[in-house]
Amino acid sequence: MNSSSSGIIRLVAVFKLIKAALLIAVGVGILKLIHADVASELDHWVRRLGLDPGSHYLDRALQKITSTSPHKFKELGIGSFVYAALFLTEGIGLWLMKRWAEWFTVVITSSLVPLEVYEIYRHPTAIKILVLVLNIAIVVYLLYRIKYDSRAPEGRGDRR
């Protein structure tokens, strides 16, 4: 395997690890809201981040969040940690250049594409579209790599 190929795999690994770190932070933040005064906590963060409290979109988001039950916060937090675990597994396996991680990433990433498309259909944003394009590119690249490496002479493409 050449160094540019391993560099791309490591870049994908870093992308997965960043997604995992963000999901862990989100999960911790969500679980902290279970036993907190959600409205005052959100007000604190709106002011701290310098957001416009009079914004129509922000007001709608805050209303939706404050009406969310503690049980739903718990489900969202746990779901965030489950996805983070998947991304950590992908990222670490890819960083270590393991063949199983390439297959695992292809399966997991491609299985999430329909959800990403649905989310873009419901609420399109540039970030969602960018993440979808990146994920599709990752799947295509890994499938190409898997196919190419499987043709390598014995011993050269065998990464377990």
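The questions and answers below go from the surface patch to the pocket and then to the salt bridges.

Visitor: What kind of model is this, and what pLDDT do side-chain atom pairs need?

Guide: This is a predicted model; totals for chains, interfaces and linings use all residues, local features need pLDDT of at least 70, and side-chain atom pairs count only at pLDDT 80 or more. Residues are numbered from 1 along each chain as its sequence is written, and side-chain values use heavy atoms, with hydrogens and water left out.

Visitor: Which element gives the largest share of the nonpolar patch?

Guide: The nonpolar surface patch covers about 760 Å² and includes Val 14, Leu 22, Ile 92 and Trp 95. Patch residues have over 30% relative accessible area and no salt bridge, and nonpolar side chains (Val, Leu, Ile, Met, Phe, Trp, Tyr) are joined within 5 Å. Two or more residues each come from helix 1 (3-32) and helix 4 (70-95), where helices are DSSP runs (H or I, at least four residues) numbered from the N terminus. The largest share, 5 residues, comes from helix 1.

Visitor: Is Leu 22 buried or exposed?

Guide: Leu 22 sits in helix 1. Buried means under 20% relative accessible area, exposed over 50%, and partly exposed in between (1.4 Å probe, protein chains only). Leu 22 has 55% relative accessibility, so Leu 22 counts as exposed.

Visitor: How much space lies in the largest pocket?

Guide: A pocket is an open set of points on a 1 Å grid over the protein atoms alone, where a 1.4 Å probe fits, with protein on both sides within 12 Å along at least five of seven lines. Its volume is the space filled by probe spheres set on the points, which are joined across faces, edges and corners. For the largest pocket, that space is about 1,700 Å³.

Visitor: Which element gives the largest share of the lining of the largest pocket?

Guide: The lining has 41 residues, with Leu 22, Leu 23, Val 26, Ile 30 and Ser 80 nearest the pocket centre; a lining residue has an atom within 4 Å of a point. Helix 2 (38-48), helix 3 (56-66), helix 5 (99-122) and helix 6 (126-150) are among the elements that give two or more residues. The largest share is 9 residues, and the contributor is helix 1.

Visitor: How many residues of that lining are nonpolar?

Guide: Ala, Val, Leu, Ile, Met, Phe, Trp, Tyr, Cys and Pro count as nonpolar, Asp, Glu, Lys and Arg as charged, and the others as polar. The lining holds 5 polar and 9 charged residues, and its nonpolar residues number 27.

Visitor: How far apart in space are Leu 11 and Gly 91?

Guide: Leu 11 lies in helix 1. Leu 11 is exposed, at a relative accessible area of 61%. In sequence, Leu 11 and Gly 91 are 80 residues apart; C-alpha to C-alpha, the distance in space is 9.4 Å.

Visitor: What separates Lys 72 and Glu 75 in helix 4?

Guide: Their side chains meet in a salt bridge at 3.9 Å, N to O; the term needs a side-chain nitrogen of Lys or Arg within 4 Å of a carboxyl oxygen of Asp or Glu. Lys 72 is partly exposed at 41%, and so is Glu 75 at 42%. Because the two are 3 residues apart in helix 4, the separation is about one helical turn.

Methods
Patch = residues over 30% accessible without salt bridge, like charges linked within 9 Å, V, L, I, M, F, W, Y side chains within 5 Å. Areas by Shrake-Rupley, 256 points an atom, 1.4 Å probe, with all protein chains shown as cover.
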